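Hi,

Here is the structure I promised to pass on.

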Amino acid sequence: MNAVPFAIDVAGINKHFGDKHVVKDLSLQLKQGEIFGFLGPNGSGKTTSIRMLCGLLTPDNGRGTCLGLDVLTQSAAIKRQVGYMTQKFSLWDDLTIGENLDFVARMFGMKERKKAVAQALTELGLEGRRNQLAGTLSGGWKQRLALASCLLHQPKLLLLDEPTAGVDPKARRDFWEEIHRLSAAGITVLVSTHYMDEAERCHRLAYIAYGTLLASGTADEVVASQNLHTWQISGEGLQDLTERLRRLPGADLVASFGTTLHISGKDGDKLKGSLEAFLQGTSLKMTAVAPSLEDAFIHMMQGSRDQFQA
Amino acid sequence: MNGFSFSRWLGILIKEFIQIKRDRLTFGMIVGIPIIQLMLFGFAINSDPKHLPTAVVMADTGPFARAYVAAMENSEYFKIIGSVDEREADRLLDASEVQFVVTFPVGFHRDLVRGKTPTLLVEADASDPMAVGGAISVLNHLGMEVFAPDLPGLQRPAAAPIELRVHRRYNPESLTAYNIVPGLLGVILTMTMVLMTGLAMTRERERGTFENLLATPATPVEVMTGKIVPYILIGLIQVTLILLAARWVFEVPMIGSLALLYAVVLLFICANLTLGITFSSIARNQMQAMQMTFFFFLPSMLLSGFMFPFRGMPDWAQVVGNVLPLTHFLLLVRGILLKGNGPALLWPHVWPILLFMGTVLALGVKTFRRTLD
């Protein structure tokens, strides 16, 4: 055992649904207290992976621990110490806010149930609305309630499956502040997301596509691992030239960023040469920039698609 | 602009057909329900049942008695299962093994020849009055047809040569309520128990709350039983309401043990809940759970002997009917309420319900595991 034990330490985890291989040889290590971002396109196996970590699904094979408990055999004990927030709001619409929290507290067999529920309501700022049906809450409030219900039993690990989908920016920012507070208090957080700004708020990241983990590390490490060279193109008439830019030799990736365009490639010299030739005689300007996380992700996604659809 | 657009309308039509086609269970029901109904109504249901099992008590075995028995059988309304003594005849009636017991008195033959009118005792199990009506009216005619040709001219009576004394056992006034009220007990329980549990589980799955429930330390057994028990209580309340109405509004007699009745009711509720839970683990959404319930409910209503006499159905329909818990429940409830039957007479209708429950439970557990993982 290490000095700082891993909250999650799994290796070679696989899961099949019928003949579909949904998660392939997943290996993850999360340090205690860190915020770990889990990224990847839709249908890449993120939700399945999270469900395996919290004991909802049993991996076909592989080994590993979650909070020091075996993911294959001790799922019941894991559930007791993990807070899992589902992708879709999954509290009971036809129960009130108070009843929902009370039910969850009962499910975890909490001793000081009433006190914990009252405290959660106060922290949420919902004491006055405890008798309101959960189904009538707005998206942002539903998300806060769901988070509060996951935290009720004071878990050591939080698994959040796209917690901020469909939530407004202000609520999203508040949510992330809360996540960082929890992390500072020693709770490990695994959060899946599609938002780049959220990914950048995580201590470390993993990128998964078609069930395969493609990269992991800090945001900088993930970007660096792709060896991309990126230029930003700006100027008049940019939109009309996008399609032609895409076909330039050495351009692996072209992405619009507002009024500018990011064009990236593995072979920096080749791309630079072809760009310079192309831009001669136009009013467009090119500037070398550091590739962003988004450039890296889109590049990985394209690469994996080519690989799996070939 | 706002006129009726044919192509728009066609678009909606096509979308609807595609969606119906996608939902294969619904599609199956659309085809299956009319076929089942046709089969049931067309072939299985017969409100004038024939070949009713009948026992005879022969205190006189003379030729006239034998001729009468033969004529009963020839009428096709009766199927003579044998000649028994009086005690056995009573047991057969209590156990619902026969519909009629016909007793030929001592001196039946002699009295007939002498022109006295002997009395023929016919005991009918009238707990379902509809099942006996046709056969009894036939008996009335039989007397004339059988004996008149063989009796010497002088003794040939103008009126019927025998007197028919019909005892409508368990339901002397032929009140249909005696049959319908215990029947409704079973029908209502089937409906609510299967449907409610079917929906309770699929609702969790449809709304995504099931995942949340599974993420808590709650075990499948806790979830299942925790969800079932409230419905058992609801079922018992329904039963109590129906029984109160049966007693005070419809004045249905309650001869047997109330404790035994509740025990039987509990068994029946459990059988239906098991089915409901199994449906809910097979169905993908509430709509499908509802359709499965109706798919089960229809034959339960029609083939159990609730709406139409069980013995009027052809053999294949009786086989199907015997699988359904409601069929046995009806006999159990009538047996307790109207006949005062004890456990020994009830057992033959208890084990088929247990068997049904066991089979469905095994199926349910199998599918439940699969949907979890």
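**What I found**

(Helices here are DSSP runs of H or I with at least four residues, strands are DSSP runs of E with at least two, and both are numbered from the N terminus.)

Before I go on, some housekeeping. This is a predicted model, in which local features need pLDDT of at least 70 and side-chain atom pairs count only at pLDDT 80 or more, while totals for chains, interfaces and linings use all residues. Residues are numbered from 1 along each chain as its sequence is written, and chains are lettered from A and ligands numbered from 1 in the order in which they are written.

**Chain A in outline**

Chain A has eleven helices and 14 strands, and its C-alpha trace spans about 75 × 45 × 40 Å along the principal axes. Of its 310 residues, 41% count as buried. By "buried" I mean that 20 or more other C-beta atoms lie within 10 Å of the residue's own; 12 or fewer makes a residue exposed, anything in between is partly exposed, and the C-beta atoms are placed from the backbone. Take the contacts in chain A between residues at least 6 apart in sequence: 70% of them join residues at least 24 apart. (A contact means C-beta atoms, placed from the backbone, within 7 Å.)

**A four-stranded sheet in chain A**

Further along is an open, antiparallel sheet of four strands in the order 12-13-11-14 (chain A). Its edge strands, strand 12 (253–257) and strand 14 (285–289) of chain A, each pair on one side only. Strand 11 (residues 229–234) and strand 14 of chain A run antiparallel, with five bridges joining them, and Ile233(A) has Met286(A) as its bridge partner in strand 14 of chain A. Helix 10 (residues 268–279) of chain A packs on the sheet and touches strand 11, strand 13 and strand 14 of chain A; its direction makes about 140 degrees with that of strand 13 of chain A. (Angles run from 0 to 180 degrees between N-to-C directions, and axes are lines fitted to C-alpha atoms, for helices over the stretch in contact.)

**Over to chain B**

Chain B has an open sheet of five strands, order 2-1-3-4-5, with mixed pairing. Strand 2 (78–83) and strand 5 (163–169) of chain B each have a single partner strand, so one side of each is left without a neighbour in the sheet. Strand 3 (residues 100–104) and strand 4 (residues 119–125) of chain B pair in the antiparallel sense over four bridges, and Thr103(B) has Leu121(B) as its bridge partner in strand 4 of chain B.

There is also a helix pair: the axes of helix 10 (residues 258–282) and helix 11 (residues 286–303) of chain B come within 9 Å and cross at roughly 135 degrees. Where they meet, Leu275(B), Phe279(B) and Ser280(B) in helix 10 of chain B face Ala289(B), Met292(B), Thr293(B) and Phe296(B) in helix 11 of chain B.

**Where the chains touch**

How many residues of chain A are in contact with chain B? The count is 17, and they touch eleven residues of chain B. Helix 2 (75–81) and helix 3 (97–107) of chain A each supply at least two residues of that side of chain A. The largest share, three residues, comes from helix 2 of chain A.

Cheers

Key. Contact = placed C-beta atoms within 7 Å. Pairing = 2+ DSSP bridges.
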